[in-house]
Amino acid sequence: MSRPTLADALAFSLSGVFRLLLLAYPRAFRRAFEAEMSEYFECTLRRRLERRGALAAIWWTATSCWDLLLTAYDECSGRSAVTPKTTPRPVTRRRQGDRMLSVMTGELRTAFRRLLGTPMFTLGALSIVAFGIGVNTAAFTLVNSFLFKPPAWNEPERVVSIYQDSDDGEPNSTSFPAYRDMTAFDDVFEAVAASTPATLRWKRDGAEREVATEFVSASFLDVVGLRPLLGPGFTPEHDRVGAGAFAIVNHRFWQAEFAGDPDIVGRSIELAGQPVTIVGVGPRQFGGNLMPMVTDLWLSISSVGLGGEYRIENLERRQDHWYDVKARLAPGVTPADAQAAMTTLATRLEREYPDINTNRDITVFAYGDVRLHPDADKNLNQASAGTMALVGLVLLLACTNLANLLTVRGMTRLPEAAVRRALGASNAAVARSFIAESLLLSVLGGLLGLALARALMRLTPALPLPLPAAGALDTAMDLRVVAFTFGLVIVTGVLFGIAPALRALSVDFAGVFHGGSRGASLQRIPAVLRGGLVSIQMAASIVLLIACALVVRNTTAALSLGAGVDANRVAWALADLEPLGLEPEQYAARWQEILERIESAPGVDAAALATRLPANGRGGSTTTVIEGYEPTTGTGAVELPVAWVGPRYFEVMGQALVEGRVFGPEDRDGSTPVVILGETAARRYWPGESAIGKRVRPQSDPDAWHQVVGVVADAKVRSLAEPPTPIMFQAADQVEMRRALIVARTQGDPTQLASSYPDEIRADDAQIEVASTGDLESYIRDGLASERTIATVLAVFAALALLLASLGIYSMVSYSVARRAPEIGIRMALGAAKRSVIVSVLGEFGIALGSGMTLGLLISVVMAQQLRDVLPAAGGVDPLAFSAGVLSLLLVAFVASYVPARRAAAADPASTLRDD
Amino acid sequence: MPSITPLRPPVLHILLALSQGDLHGLGIAESVEETSEGAMSLGPGTLYRSLKEMCQHGLITEVDSPTDADPRRRYYRSTDLGRACLADEIRRLDHIVNVARARQVVEPTS
């Protein structure tokens with residue numbers, strides 16, 4: 001598994017810039033030297049990149065491009081590279097550099113004034129550049145922090161990631177006992193560390209907020225090869241449960257929350273209601289294992305109880321895979337050696353624990369082969385590629401538009417250039433004035449764009465992005481990112497500033513004066529260039545529009561499919577009886593009292609306990625052995641989502657009973673353990689026969705067989721957009737429930753019921769905690785929050801694309817109309833109908849519009865098919881999404897070209913001809 | 001013989017690099033960078049434009065590439081004119097350096 005590195009991407013784009021600039025040379029020169037020049041450039045680029053880093057490579061590109069432009073100019077004007085300069089240098093007291101500088105500042109000052117004189121053009125060009133750079137930098141920063149940014153470890157190439165297989169046979173995560181076994185391989189590993197994330201509540205001065213934490217073994221800093229900035233950090237003693245609770249504070253968190261207090265070590269903070277002693281401040285550059293998220297606090301293994309009692313139990317359970325393991329290889333040991341050692345461990349574990357470890361491999365990933373997690377990386381690469389493609393399209397649009405505007409402007413400035421040359425200005429001076437203007441535009445626009453990017457990055461944490469963990473996103477802007485985008489826009493600006501400049505030098509200026517507007521004053525922009533710019537914009541816009549329409553369709557389609565439950569009129573609350581400190585057998589009765597009180601309220605039909613709500617990712621799963629069903633992969637068991645629910649749960653949810661019975665009062669502690677399955681599960685595991693009476697058990701307990709007593713209609717399990725997913729329900733009354741969701745169906749307003757919950761639940765005992773309440777319908781809708789965010793972001797992109805496309809088409813048509821004004825005047829004077837004039841102007845761009853749209857549609861069809869898996873509800877080439885995209889673009893294109901065409905037709909022919 | 005001294009720095013360095021034997025463009029660039037200890041770095045445009053014109057002026061000439069070389073690369077060799085120009089230029093520079101030394105413009109390097 002190898003991913004193109006950032007270095008590759010950088011080298012590729014920089015040499016692209018160089019190759020593009022080669023076009024500035026005359027054809028004969030290019031034909032003779034192009035290949036060798038590119039080779040020379042790329043060889044040197046690679047070497048600088050490897051030896052001296054990205055900045056040196058960018059510097060080399062900048063100097064080479066500058067050199068290239070200067071020599072291209074000399075080559076075009078026939079100036080010798082060999083014979084000494086014959087013209088004496090002007091005698092000045094200043095040094096050459098100073099003179100150049102003063103000429104350039106003068107040039108820039110004039111350009112600035114000229115830009116102020118044409119505010120509409122300036123505003124248009126600046127906003128295009130700013131949006132192009134801003135959006136692109138923000139998106140690339142995000143992708144960079146996910147994919148490319150190297151972790152701040154010491155000698156990261158010695159760090160490997162180790163995963164035990166999941167039940168499906170994919171490298172996934174590791175049990176704590178297996179981690180302990182790994183630490184015994186001290187000839188292979190210098191240090192091994194285990195970590196597991198947890199979101200905990202931090203109470204300070206009466207206020208509470210959530211913090212992102214990781215429980216880590218004491219060795220975690222040894223693996224990354226860093227030392228705490230302050231304090232002793234963890235010692236092996238802190239890996240033992242019962243030693244107390246200890247924390248290391250992230251450097252950033254220390255700065256932000258404790259104002260960098262140097263006496264922090266030894267202080268105590270309150271996490272999840274328990275005191276925790278701070279034993280250190282983390283290394284400045286280290287953000288934790290949750291990249292790209294930042295961990296606020298690292299907690300010792302001795303503190304795992306903070307995350308719940310079960311975390312203490314699963315430290316000893318080989319069937320619970322809760323930990324991520326990373327290790328630092330001993331000197332001279334290769335990842336392959338480590339893999340061999342871990343394979344022997346896997347074999348040994350299989351022999352010792354055949355029930356749970358048969359066929360369970362242990363895989364070692366070398367540094368660079370895994371970014372977040374082997375499983376997450378796939379989605380990550382896809383999402384990042386998608387983002388970059390979209391951003392690339394917007395950047396393409398921005399660049400073509402800038403090119404558009406600069407070309408048109410360059411053409412309208414030709415008479416001015418001719419006057420200057422006639423008055424004796426040198427070629428260089430004329431060219432400089434063109435380049436100064438586009439350079440100024442690019443730089444100013446670029447600065448605005450960076451400001452925009454910063455603002456966008458500030459905004460990101462507030463967006464419900466599909467991120468792997470809670471906490472702050474590490475989005476420090478990378479210098480390379482800035483250099484890349486800035487460079488790209490400056491090159492576009494300079495390139496399209498040079499094209500008209502070269503034209504200005506070659507134009508016959510006598511013709512400019514004699515010919516009037518019919519002659520050369522509006523020089524022809526080659527039809528191919530004009531048409532090409534318009535078609536590229538059409539194609540790019542249509543792809544963006546359709547992508548946006550597809551995502552929106554997917555979201556709306558998923559919502560309309562529904563969750564498979566009757567969510568209307570259901571309210572829920574999360575309650576915690578733990579603070580009551582009841583005896584284990586008292587919980588069931590207490591819950592029953594609460595449920596009865598709620599059911600007795602007016603309008604309430606039924607109430608029940610549950611541990612998860614439909615269509616939501618939060619909720620556990622159990623590795624389950626299914627009698628008579630042999631999974632094709634993995635360890636002979638399936639990972640089955642599980643919910644513990646009360647007797648009236650299905651009534652509350654409106655889920656129909658397909659077969660058998662629902663839970664009843666007979667299913668209590670001590671009676672035969674029973675389960676109810678979703679329809680998909682029943683059909684998948686026992687196709688063609690009834691599931692009733694069949695048995696399932698957790699893989700970890702060979703004797704705990706549960707009997708299937710019922711099958712209910714499917715409801716969505718993890719998300720609205722998922723394909724049918726199996727689920728298993730167990731009887732809440734057969735286990736000890738301390739914390740549970742209460743769901744109830746009412747005839748009235750569910751939000752009202754939700755708001756009355758806390759009082760109802762706590763009527764007898766104010767110590768019961770009610771963490772949150774709400775109505776089910778909005779809860780399910782909120783499950784699509786990240787999809788909606790993506791749709792919104794795409795909509796912004798699409799709107800931007802439409803705006804840019806309309807601007808591009810408008811400027812091209814206006815230009816064309818201005819150029820044809822005399823012709824149109826004559827036609828009108830000869831009695832042509834307005835309509836025929838408009839049609840002829842529109843017809844000129846018909847081919848460009850049509851071909852751009854066709855190209856865009858073809859790309860969109862391929863894209864829609866690629867996205868079929870990601871957007872299942874939209875279902876590939878969705879006719880509605882496609883027609884929406886095409887129609888909106890057609891409309892905008894029509895208006896953008898109709899307005900100037902109509903203006904031309906409406907002009908008074910006499911005055912047009914008189915102007916000439 | 002037409003004198004084209006003073007030689008422009010890129011021309012001087014290219015001739016100096018070719019004084020050791022035939023080289024292709026990339027080889028010349030590397031040699032220049034090495035002998036000047038990184039102080040002189042020829043941009044691709046300057047290098048190939050100079051090569052083209054030096055051929056036209058007869059300072060250097062294209063030769064067949066060695067049998068084992070990449071066929072795309074062109075090799076160059078100093079002509080008699082080129083060597084003469086280089087010698088002229090070096091003598092000129094040498095004279096200037098001597099004058100400067102005599103006037104103790106710079107600290108003697110030892």
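Let's start with strand 2 of chain B: 4 bridges join this strand to strand 3 (residues 75-78) of chain B, and the two run antiparallel. Two strands count as paired if DSSP finds at least two bridges between them. Strands (E, at least two residues) and helices (H or I, at least four) are DSSP runs, numbered from the N terminus. One of the bridges links B:Ile60 to B:Ser78 in strand 3 of chain B.

This is a predicted model, in which local features need pLDDT of at least 70 and side-chain atom pairs count only at pLDDT 80 or more, while totals for chains, interfaces and linings use all residues. Residues are numbered from 1 along each chain as its sequence is written, and chains are lettered from A and ligands numbered from 1 in the order in which they are written.

Back to the sheet in chain B: it's an open one of 3 strands in the order 1-3-2, with antiparallel pairing. Strand 1 (23-24) and strand 2 (60-63) of chain B each have a single partner strand, so one side of each has no neighbour in the sheet.

Now for where the chains meet. Here 20 residues of chain B are in contact with 21 residues of chain A, contact meaning that C-beta atoms, placed from the backbone, lie within 7 Å. Helix 2 (25-35) and helix 3 (44-56) of chain B each supply at least two residues of chain B's side, and helix 3 gives the largest share, 8 residues. Here's that side of chain B by class:

| Class | Residues on chain B's side |
|---|---|
| nonpolar (Ala, Val, Leu, Ile, Met, Phe, Trp, Tyr, Cys, Pro) | 8 residues |
| polar (the others, Gly among them) | 6 residues |

What about the inside? The largest nonpolar core has 144 residues, and A:Val129 and A:Leu544 are among those with the most contacts inside it. Such a core is a set of buried Ala, Val, Leu, Ile, Met, Phe, Trp, Tyr and Cys residues joined through C-beta atoms within 7 Å. Helix 17 (residues 527-561) of chain A gives this core its largest share, 17 residues. Apart from it lies another core of 73 residues, including A:Phe729.

Finally, A:Ser814 sits in helix 23 (residues 785-819) of chain A. A:Ser814 and A:Ala896 are 82 residues apart in sequence, yet 9.3 Å apart in space, C-alpha to C-alpha.

Technical notes: Buried ≥ 20, exposed ≤ 12 C-beta atoms within 10 Å, placed from the backbone. Contact = placed C-beta atoms within 7 Å.
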